[in-house]
Each structure stands twice: as C-alpha cells, then as structure tokens.
Amino acid sequence: MNHSEQLFAQAAQFIPGGVNSPVRAFKAVGGTPIFLQSAKGARITDVDGKDYIDYVQSWGPMILGHSHPDVIAAVVDAVQSGLTFGAPTERETQLAEIVCKRMPGIDLVRFVNSGTEATMSAIRLARAHTERDTIVKFEGCYHGHSDSLLIKAGSGALTLGVPSSPGVPKALAEHTVTLNYNNSEQVRQFFAEKGDQVACIIIEPVAGNMNCIPPVPGFLQTLREVCDESGSVLIFDEVMTGFRVSATGAQGHYQVQPDLTTLGKVVGGGMPVGAFGGKREIMEKVAPAGPVYQAGTLSGNPVAMAAGIATLELLEAPDFYPELFRKTQKLVTGLQAAADTAGVAFTTNHIGSMFGGFFTQEKTVTNYQQVMACDTERFNRFFHGMLKAGVYLAPASYEAGFMSQAHTDNDIEQTIAAAQKVFASLKD
Ligand code: PLP
C-alpha cells in the first residue's frame, strides 16, 4: 500500500466515501485517488513524493498556476489583520469594482462562498423578479448541488423534470424543465408553448461539466431572444468560464449579455468565493436594498477577497490571455496529432483556456448525447496511463481540462510525449 492508499482507507472511516466532493474519489476511473501534499505552478506533488503536471487546477480556479507568489503574499497580508469580521471591509468593494468593470452584464454584484450558493441565489432572485416559478436548464450542465438544480430531464423532451438525487422533492423538480444543449429549435418550441411561465433560463455558456462543449453559433443569441420575448431572466452560469474563456467571460467572448451572471472559481483565486451579479434593476431587489433574502456569515471574507483581487489584477497583463490561449491550442493540437498517429478515434474541443478530449469516431461533438456515447473505458485507460506518466487529468471523462499561466511549453511537450505513448497502448 502506498501512502495515498493508506490515507484514503483512513479517510473512509470518518468521511463518506473518503472525500469531501464525490468526483475526487476516482469512482469513474477506478483505483485510488492520489492524496496531495503541495502544489506549485503547473505541478502538484502527492504524499508519496511524485510530481504531476496538473490540468485540473483545483477544478478551474488556479488560472495563474498554484501558489502564485503575489496571491500568497496578498493572502498572508490579509491574514495578519484578522480572518473574518462579519462586517464590511474595503476589499469587498475593491473586488466588486473589478468584477463590475470587467463583466459586461454586471452592474452590481454580491459575494457568496461557492458556485452553488451563487446559482441558488440567482434563481431565487429571478423567480422573485418575474413572479414565476419555472426554471429552464440544459442536459449535461451542472450548476452546483442545490435542490432546484439537481434535476434531470423527464422521459421525453418538454416533460417535467425528475430529481437526479434522492432527497430532492418531486414537487420541486416539477418546476425545473431540462432541455437539450445547443438545440435552438427545441428552446423556441418550448417558449412558444410555455414561455410566459418561465422565470429564468440558466446555462453554462460553454458547458464544462459534460467535458467541454462550446455553444454552436446562434444558440446563446436564441436564448437571449426568447428571454426578451417572454420576459424571462437569462442567467449565464460563468462559475467556470468567468475570467477563463476571455477577460470578459463567455458573455464578452460571444457578445451575448445575460441579465444575471454567476461566478466562482477564478474570482476567488483559490479561496472559497462565489458571486452573483447583473442588471441594476434586478440586483437592487436583493436584501437589504430589496426584499429578496440572501446572506452569509463568511461572505466577502477578507482573506478570500484578497486572493481574488490579487488574481484578477494579474490577469490584466496585456499578453496574459493570448499566451494562455496559445498554450491551450498547442496542447490540443498535439494531443489530436498523437491520437491520429496512434490510430485512436479521438476528437477535441477547446475555447480560451478550457479544453476537452472525446474518445469517439465523431468529428464534432456538440451535445450531451454524443458525450454519453463516448468510449469511457478507453478514457479510463488513457487517464491511468497519463497519471502513471506524471500527468494529472480530471478523474472522469465528463470534465473539462484547464490551462494555466504557469504551464510552460516544456510541460506541454512532455504531456504530448506522454500522450503519444499512452495512445499507442490503447490500440487493442
Ligand atoms: N456552476 C458551474 C458551471 C460549475 O462548474 C460548478 C462547479 O464545478 C458550480 C456551479 C458549483 O460550484 P461550487 O462547486 O463552488 O459550489
């Protein structure tokens, strides 16, 4: 037994499944999760002393790479003044100002402690604003684990949702409709019938929780149009895409402005932060400015705000995004070439610094059904081969990968070289 295996066995005695978030347990890929000791730049080190090039980046926040000295210094500086006050601090306004100035769709913003809280609160606000109950989401999108959002599609398109976890009341699920991602026609049909009942559409403007699926041209514009026609609120869940697919998020990249936006991950620079924001007239309904209740003992925590400010300031360097995107392109092109050379059916998607690879014969992958039809057994062998070779990918085939500023060309070349060998071993 190595040290990770020992620690996992111990953890399972006290923590359900040995982890504090399910996907960490390696259930999808099999085997034992590696327990991490430390992380610096593009690399993570496990408790057995092995190094890996990391494309998970704590599931997205670490866009600068791990332990960036400026972020660490900002956090240490904040810690010296106290961990939490439960009273306003200047740093909250500083981070709020940066967010409002960068995100085209945000006039006012409220900080919370996670992406889940952000989406849950945005939905309450949308329901209050429209005085309607129905929410529309898309199959394959993940918006955190609040009850209203842990709902999957019913048996046919346009039917009522069904809970995707025990414990979610059926009565609540009936208010959530799940449609097909990238299917504008279905959206239009649904809104033609029931648009006047819809409080909001919530969507990942680039889906990153069913691998990486960008929106097809016109899809986000369709959502904007049907929301305008029906008086529904359009919510972009940019917890993953915010500050990652462009300096101005997916909304800036695709030039579609939502009414509300949710943020998380990068905005907290590695500390537990989420945020929801949007049009002034809607956000002014949030307490205490308005009647929609939302609160948090640790919200706007000064240490977390310091990490967020330091991170977002560093993203302003003029070559930050072009360089990040160049490296993503280089990685994805190299992986595709390695698979092609090995004769393994494989397709990639990428946008900004998010990427995904699919074990499929299909040349383009744009929807959930295609993702579900991919060869997961092959992915699992690929994952373990790469792990052995020192490359840490997300331990499930339904996750996007992330590039950071800290990844060097050398890291990427090493990754591609490892992939060449692993792809070759996948040909049965
Ligand atoms: N929304 C999206 C798009 C996410 O990717 C996630 C988490 O991965 C969430 C919401 C939930 O965020 P958190 O895990 O911080 O609650």
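These are my notes from going through a predicted model, element by element.

**Entry 1: the ligand**

I began with the shell around the ligand. I counted 16 residues there, and the ones that come nearest are Ser114, Gly115, Thr116, Gly144 and Val239. Which helix gives the largest share of that shell? I found it to be α4, residues 115-130, with three residues. Then I sorted the shell by class and got 10 polar, four nonpolar and two charged residues.

**Entry 2: the sheet with β1**

Next I looked at an open sheet of four strands, and I read its order as β1-β2-β3-β15, with mixed pairing. I followed β1 into strand β2 (residues 43-46): the two pair in the antiparallel sense, over four bridges. I picked out Ser38 and looked up its bridge partner in β2, which is Thr45.

Leaving this sheet, I checked the loop between β3 (51-54) and α2, where Ser58 is found. I noted a phi near 55° for Ser58, a positive value in a residue other than glycine.

**Entry 3: α2 against α10**

I noted the crossing of α2 and α10 as right-handed.

Who meets whom? From α2 I listed Asp70, Val71, Ala74, Val75, Asp77, Ala78 and Val79. Facing them in α10 I have Pro302, Val303, Ala306, Ala307, Ile309, Ala310, Thr311 and Leu314. By class, this contact has 12 nonpolar residues, one polar and two charged.

The peptide bond joining Ala287 and Pro288 is cis, and I wrote down an omega of about 5°.

**Entry 4: the sheet with β13**

I then turned to an open sheet of three strands, in the order β13-β14-β16, and its pairing is antiparallel. Its edges are β13 (347-351) and β16 (401-402); each has a single partner strand, so one side of each lacks a neighbour in the sheet. How many bridges join β13 to β14? I get five, with β14 being residues 354-358 and the two strands running antiparallel. I looked up Ile351 as well, and it stands opposite Met354 in β14.

A helix packs on this sheet: α11 (residues 320-342), touching β13 and β14. I have the direction of α11 at about 175° to that of β13.

**Entry 5: α11 against α14**

I stayed with α11 and checked it against α14. The axes of the two come within 8 Å and cross at roughly 25°. Angles under 35 degrees count as roughly parallel, so α11 is roughly parallel to α14. The crossing of α11 past α14 is right-handed.

My contact list for α11 reads Lys327, Lys330, Leu331, Gly334, Leu335, Ala338, Ala339, Thr341 and Ala342. In α14 they meet Ile412, Thr415, Ile416, Ala419, Gln420, Phe423, Ala424 and Leu426. The class tally for this contact came to 11 nonpolar, four polar and two charged residues.

**Entry 6: α13 against α14**

Last, I took α14 (residues 409-426) with α13 (residues 376-388). Their axes come within 9 Å, crossing at roughly 140°. Where does that put the pair? I have to call α13 oblique to α14. I logged this crossing as right-handed too.

In α13, I found Arg378, Arg381, Phe382, Gly385 and Met386 on the contact list. These meet Ala418, Ala419, Val422, Ser425 and Leu426 in α14. By class I have six nonpolar, two polar and two charged residues in this contact. Looking back over both lists for α14, I noted that Ala419 meets α11 and also meets α13. Leu426 likewise turns up in the contact with α11 and in the contact with α13.

Key. Residues numbered from 1 in each chain as written. Predicted model: local features only at pLDDT ≥ 70, side-chain atom pairs only at ≥ 80, totals over all residues. Near = placed C-beta within 6 Å. Nonpolar A, V, L, I, M, F, W, Y, C, P; charged D, E, K, R; others polar. Pairing = 2+ DSSP bridges. Contact = placed C-beta atoms within 7 Å. Axes fitted to C-alpha atoms, helices over the stretch in contact; angles between N-to-C directions. Left-handed = near helix turned anticlockwise from the far one by under 90°. Parallel < 35°, antiparallel > 145°, perpendicular 65-115°, else oblique.
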